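Subject: Structure handover

Hello,

Here is the structure I promised to pass on. Please open it alongside this note.

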Amino acid sequence: MGVKLRDKHLTVSIIPARGNSKEIKNKNIIDLCGKPLISYVLETCLDCDEIDLVVVTSDSSEILSLVSSLFQDKVKCIKRPDSLATDSSVSEDALVHALCQLSSEGIFPQRAIFVQATSPLTTSYDLSRLLIKLNQYDSCAFYVEDYGFFFNEDDMKVARLPRQERLPRYREAGNAWSFHVDGFLREKTRLFGKMGLCKIDYPRNLEIDTDSDLTLIKYILEANKL
């Protein structure tokens, strides 16, 4: 495993990839335009200058074997206990387990970025921007601007202003979150302390949860020859 140490400041990307997906069977390794879905974010992480070590954590031996065969020693694979990969498991538990495994091997990252395997349109530039914000914040997330109306708000009951005169709301995008590891291990949540926001534009914010999402992203990739 070729870990690049940069002045003792180690940054790790962690990609949780549960094997027992429900909506789309074997979603994390399903074929998307000729390669497994998870390959897109792994290539993006490996191409990001701010990331020193790329980790995949999974309960699935099939996923880990595929990642190892495709990326060899470029990506570190961690076997996650089945108890941390149930329908009710939270990603934070998988992240804690991965960081503990790394520390048992003498690897102590100062910064981490949790990247979703199901966001293949995310770019290395996006990840760089999210990590650089940790120079000023404890944790950071992507957001998209939302100009919509919400039924539990009073603005539903008044005359509608034109879009250009409305202020957008910031809706969290599920591509990735960055944080300082010591704070994350203390709080056990991906966002804490002084939080920074990083805008990401459509369609790079898209995630694959359903067959319709898969069809749309496949079309985007093919149309842009990505």
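One caution before the findings. This is a predicted model. Every number here was computed from its atoms.

**Charged pairs**

Side chains of opposite charge can pair when their charged atoms come close. In this model that gives 10 salt bridges. Several are worth a look.

Start with D209 and K27. Their side chains form a salt bridge, with N to O at 3.7 Å. D209 sits in the loop between β9 (195–199) and α6 (211–224), and K27 in the loop between β1 (11–16) and β2 (31–32), so this pair ties together parts 182 residues apart in sequence. D209 is partly exposed, at 39% relative accessibility. K27 is buried, at 14%, because the cut-off for buried is under 20% relative accessible area.

Next, E145 and K199. Their side chains also meet in a salt bridge, again listed at 3.7 Å from N to O. E145 belongs to strand β7 (residues 139–146) and K199 to strand β9, so the bridge ties together parts that are 54 residues apart in sequence. E145 is partly exposed, with 31% relative accessibility. K199 is partly exposed too, with a relative accessible area of 34%.

R186 and E187 make another salt bridge. Their closest N and O atoms are 3.3 Å apart. R186 counts as exposed, at 56% relative accessibility. E187 is partly exposed, at 40%.

There is also a network. Salt bridges link D126, R129 and R204.

**The largest pocket**

How big is the largest pocket, by volume? The figure is about 510 Å³. Its lining takes in 24 residues. R18, K27, N28, S91 and Q116 are the ones nearest the centre of the pocket.

What is the lining made of, by class? It splits into 8 nonpolar, 8 polar and 8 charged residues.

**Cysteines**

How many disulfides does a search of the whole structure find? The count is 0. A disulfide needs two cysteine sulfur atoms within 2.5 Å. Two cysteines show how far off that is. For C33, the closest cysteine sulfur is in C45, 19 Å away, which is too far for a bond. For C100, the closest one is in C77, at 18 Å, and that is also too far for a bond. C33 is partly exposed, with 32% relative accessible area. C100 is partly exposed as well, at 41% relative accessibility.

**One serine**

Is S58 buried or exposed? S58 is buried, with a relative accessible area of 0%. This residue lies in strand β4 (residues 53–58). The S58 side chain reaches the backbone nitrogen of S60, at 2.9 Å.

**Where to look**

If you want a quick tour, take these in order. Move on to E145 and K199, the bridge between strands β7 and β9. Finish at S58 and its contact with the backbone nitrogen of S60.

Best wishes

Definitions and conventions: Residues numbered from 1 in each chain as written. Predicted model: local features only at pLDDT ≥ 70, side-chain atom pairs only at ≥ 80, totals over all residues. Heavy atoms only, no water. Salt bridge = Lys/Arg side-chain N within 4 Å of Asp/Glu carboxyl O. Helix = DSSP H or I, 4+ residues; strand = E, 2+ residues; numbered from the N terminus. Buried < 20%, exposed > 50% of the residue type's maximum accessible area, 1.4 Å probe, protein only. 1 Å grid on protein atoms, 1.4 Å probe; cavity = no way out; pocket = protein on both sides within 12 Å on 5 of 7 lines; lining within 4 Å. Points joined across faces, edges and corners; volume = space filled by probe spheres on them. Nonpolar A, V, L, I, M, F, W, Y, C, P; charged D, E, K, R; others polar. Polar contact = N/O pair within 3.5 Å; in protein donor to acceptor, adjacent residues only side chain to side chain.
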